[in-house]
Amino acid sequence: MSGAINAAGQPPMAPVPTIVSWNLTRRCNLACRHCYLDAVQRRRTFDELNTSEALSVTGQVAELAPGAMLVLTGGEPLLRADLVPLVRHAAACGLAPVIGTNGSLLNERRARALRDAGAAGVGVSLDSADAQFHDEVRGVRGAWRAATRGAAAARRAGLVLLLHTTLFEQNRKDLAALADLAEAFGAMALNFFFLVCTGRGATQTDLSAAAYEDTLARIVELQRSRPQLVIRARCAPYLRRLLGLRAGESAEGYGAWSSACLAGRGYFRITPEGRVTPCPYIPELIGDLRQAALREIWERHPDLIRLRTERPGGKCAACNFRYSCGGCRARALARHGDVMAEDPQCAYVTSPGIPPEAAPGPENAAVTWDPAAQALLERIPAFVRATVKARLEQYAVSEGARCISANFMRAHRPRLPFSEWRKLS
């Protein structure tokens, strides 16, 4: 494997993950037609990690990725009786636990319990401003009404709220109405997820390449027209191309690392049984936490090293956005059987005569940090730290500052509200 082993015979240094997604259970009270986990409406717990095992795994995540966002999802995580203790332990370990739920089981009492345990926020799935379509997608009549009740309960309890929408051909022009709902609920962010055809989602019709381009352009304009709401496209790395952002560049609230595929580089998934995959949509198992330590899996598994060191193939290899975008690795695997093949859903082709994008150099290498500023930076949660760092360095370069001090950080704080998630991208 080219580039996978250095001169000392060791794998290259692994990046520190900033986001970890953990499917706590396969059990669910809905039957969503696009579920990547193929969750089931049963009471049996299968071979899921018990509370003791889950607490141990949480400790391993905190050791590997201090301050990372830990997304606790399912199935439906609220079906786990030990969810509150798991959230409390994650928060005590310095992680930022976020609950990913369909919202139907969330009431104000449960939301307050999660808040008091240290939950950083809750993400509620809402696939339409129209109740009928949401209920059709979720497989249960009344699911939309229950989800909106759950979202309202989360805000009344003082939890940060994110709304998550999976895009289909039927709802992709419903973006403005969904943004209206997000603002009415007081949501901090609205995330649009582009379907990756795995799990039950393998039977769904994915958007065409032209529809992807059109929808992404709509999302960009929606964000520009509603700066008070964070609006993001997920599993659509070519958004950086539409924004004209090169590798290492930041603009309009998008961090240097945001939007591009993070699978195996800054992100991984844990299954209910304690197995590890590069992301929820790449089903290949790369380790079992009942048999191996998380750090060993993350730092040494060949599939992860490949994701970090190889360039994608096909037209992605020759693209003039091959580093800043790089394509979705899950879609490449689903279509071509190779995680490093070209992304089949991208409509973009580099014009003749334009060379492939060069590898990015060190970002803002001329800017240094004094010890006090570095200490302040380390106090920022890891999942937003990269965005904050990139933005401050961008300010420093624009203002001709060679060294970022604590005073420089404080002077720019009004435009960088670390205490909120406004810069999460």
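Reader: Where is the place of Asn102?

Author: In this predicted model, Asn102 is found in the loop that runs between strand E3 (96-101) and helix H3 (108-117).

Reader: Which residues is Asn102 in contact with, leaving aside its neighbours within four places in sequence?

Author: Asn102 is in contact with Cys28, Asn29, Leu30, Glu76, Val124, Ser125 and Ala147 once those neighbours are left aside.

Reader: What joins the side chains of Asn102 and Asn29, and what joins those of Asn102 and Ser104?

Author: A polar contact requires a pair of N or O atoms within 3.5 Å; the side chains of Asn102 and Asn29 are joined by such a contact of 3.1 Å, while a polar contact of 2.6 Å joins Asn102 to Ser104, again through the side chains.

Reader: Turning to the rings, how many aromatic pairs does the structure hold?

Author: There are five aromatic pairs in the structure. In one of them, the rings of Phe194 and Tyr212 have centres 5.0 Å apart and planes at 25 degrees; since planes under 30 degrees apart count as stacked, this pair is stacked.

Reader: What parts does the pair of Phe194 and Tyr212 tie together?

Author: Phe194 belongs to strand E6 (residues 189-194) and Tyr212 to helix H7 (residues 209-225), so the pair ties together parts that are 18 residues apart in sequence.

Reader: Why is the pair of Phe268 and Trp298 called tilted?

Author: The centres of these two rings lie 5.3 Å apart, with the planes of Phe268 and Trp298 at 45 degrees. Stacked planes are under 30 degrees apart, edge-to-face planes are over 60 and the rest count as tilted, so the pair of Phe268 and Trp298 is tilted. Phe268 lies in strand E8 (residues 267-270) and Trp298 in helix H9 (residues 294-300), so parts that are 30 residues apart in sequence are tied together.

Reader: Which residue lies over the face of Trp298, and what sits over the ring of Phe321?

Author: Arg308 lies over the face of Trp298, at 4.3 Å from the ring centre, and the charged end of Arg246 sits over the ring of Phe321, 3.7 Å from its centre.

Methods: Residues numbered from 1 in each chain as written. Predicted model: local features only at pLDDT ≥ 70, side-chain atom pairs only at ≥ 80, totals over all residues. Heavy atoms only, no water. Phe/Tyr/Trp six-rings, centres within 6.5 Å; stacked < 30°, edge-to-face > 60°. Helix = DSSP H or I, 4+ residues; strand = E, 2+ residues; numbered from the N terminus. Lys NZ or Arg CZ within 6 Å of the ring centre and 35° of its normal. Contact = heavy atoms within 4.5 Å. Polar contact = N/O pair within 3.5 Å; in protein donor to acceptor, adjacent residues only side chain to side chain.
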